[in-house]
Amino acid sequence: GAGIGPDSPPAPPPPKPPLPLYEYIVQSEGTGEKNRPGYVYRDHKGNPTIGVGHKLTPGFDSVLKGIVGKDYNAVISGQQPLTDDQMRQLFNHDAQSKTASARSKIKDFDKLPTDVQNAIIDGFFRGDLSASPKTLKLMNQGNFLAAAKEYLRHDEYEAAKAAGTGVAVRMKRNADVFEAHGTWLPPPASPKPRQAQVLGDQLPP
């Protein structure tokens with residue numbers, strides 16, 4: 001346009017809005033085997049799974065039954081897939097449970113930006129974050145830069161990276177979100193001495 005010289009730097013692109021939770025997790029979890037979305041499949045550990053990473057409860061899955069009703073046997077036997085709407089319903093149930101777990105482990109979870117919440121819940125879906133007390137402790141201290149490094153200090157991540165599987169890509173994506181959040185956070189404040197707070201005493205120089 002007029003008034004912009006050839007040497008003017010281009011305006012930075014506006015930040016992308018964070019993906020909704022379903023889209024963030026489905027890009028890693030998928031919805032089943034390739035070209036067979038919605039059908040029962042076995043995950044990388046051999047567990048019967050359906051939809052967006054929903055592990056079937058051995059014996060009888062009451063949550064799935066509540067969603068598919070009379071089609072339950074056809075679905076778990078692999079004869080019939082879930083519809084997109086049914087996969088979302090099942091995901092929403094699982095997401096509520098994982099979000100509740102994240103809230104119980106991470107203080108101020110609800111004050112975190114949406115993209116950070118999504119990455120945390122994704123880590124609870126896989127179990128790699130919920131099984132890392134050191135990472136959770138660093139997050140609760142407000143130290144997301146260190147948490148991002150600790151999160152990837154994981155045997156499964158190293159094995160997945162060596163094997164070139166999607167697990168490594170997924171964990172790295174979550175770690176990048178934690179790192180970006182930690183980059184603009186102020187450093188954790190050191191607690192003031194209790195006595196000075198309670199009594200209002202002046203601290204010695």
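Let's start with the buried side of helix H4. In this predicted model, the buried residues of H4 are Gln86, Met87, Leu90, Phe91, Asp94, Ala95, Thr99 and Ala102. Look at the numbering as you go down that list. An α-helix has 3.6 residues a turn, so positions three or four places apart point the same way.

What do these buried residues pack against? Three helices are on the list: H1 (21–29), H2 (62–68) and H5. Two strands join them, E4 (48–50) and E5 (54–55).

Now the helix itself. H4 has 22 residues. From first C-alpha to last, H4 reaches 31 Å.

Between H4 (84–105) and H5 (114–126) we find Asp108. Its phi is positive, about 60°, and Asp108 is not a glycine. Is Asp108 buried, exposed or partly exposed? Partly exposed: the relative accessible area of Asp108 is 46%.

There is another such residue, Asn35. Asn35 is not a glycine either, yet has a positive phi of about 65°. Asn35 lies in the loop between strand E1 (32–33) and strand E2 (36–37). Asn35 has 70% relative accessibility, and the cut-off for exposed is over 50%, so Asn35 counts as exposed.

Last, confidence. The protein chain has a mean pLDDT of 85. Of its residues, 82% reach 70 or more. Residues 196–200 have pLDDT below 50. Leaving aside near neighbours in sequence, that stretch makes four contacts in the model.

How values were computed
Residues are numbered from 1 along each chain as its sequence is written. This is a predicted model: local features need pLDDT of at least 70, side-chain atom pairs count only at pLDDT 80 or more; totals for chains, interfaces and linings use all residues. Side-chain values use heavy atoms; hydrogens and water are left out. pLDDT is the predictor's confidence in each residue, from 0 to 100. Contact means heavy atoms within 4.5 Å. Helices (H or I, at least four residues) and strands (E, at least two) are DSSP runs, numbered from the N terminus. Buried means under 20% relative accessible area, exposed over 50%, partly exposed in between (1.4 Å probe, protein chains only). The expected span of a helix is 1.5 Å times one less than its number of residues.
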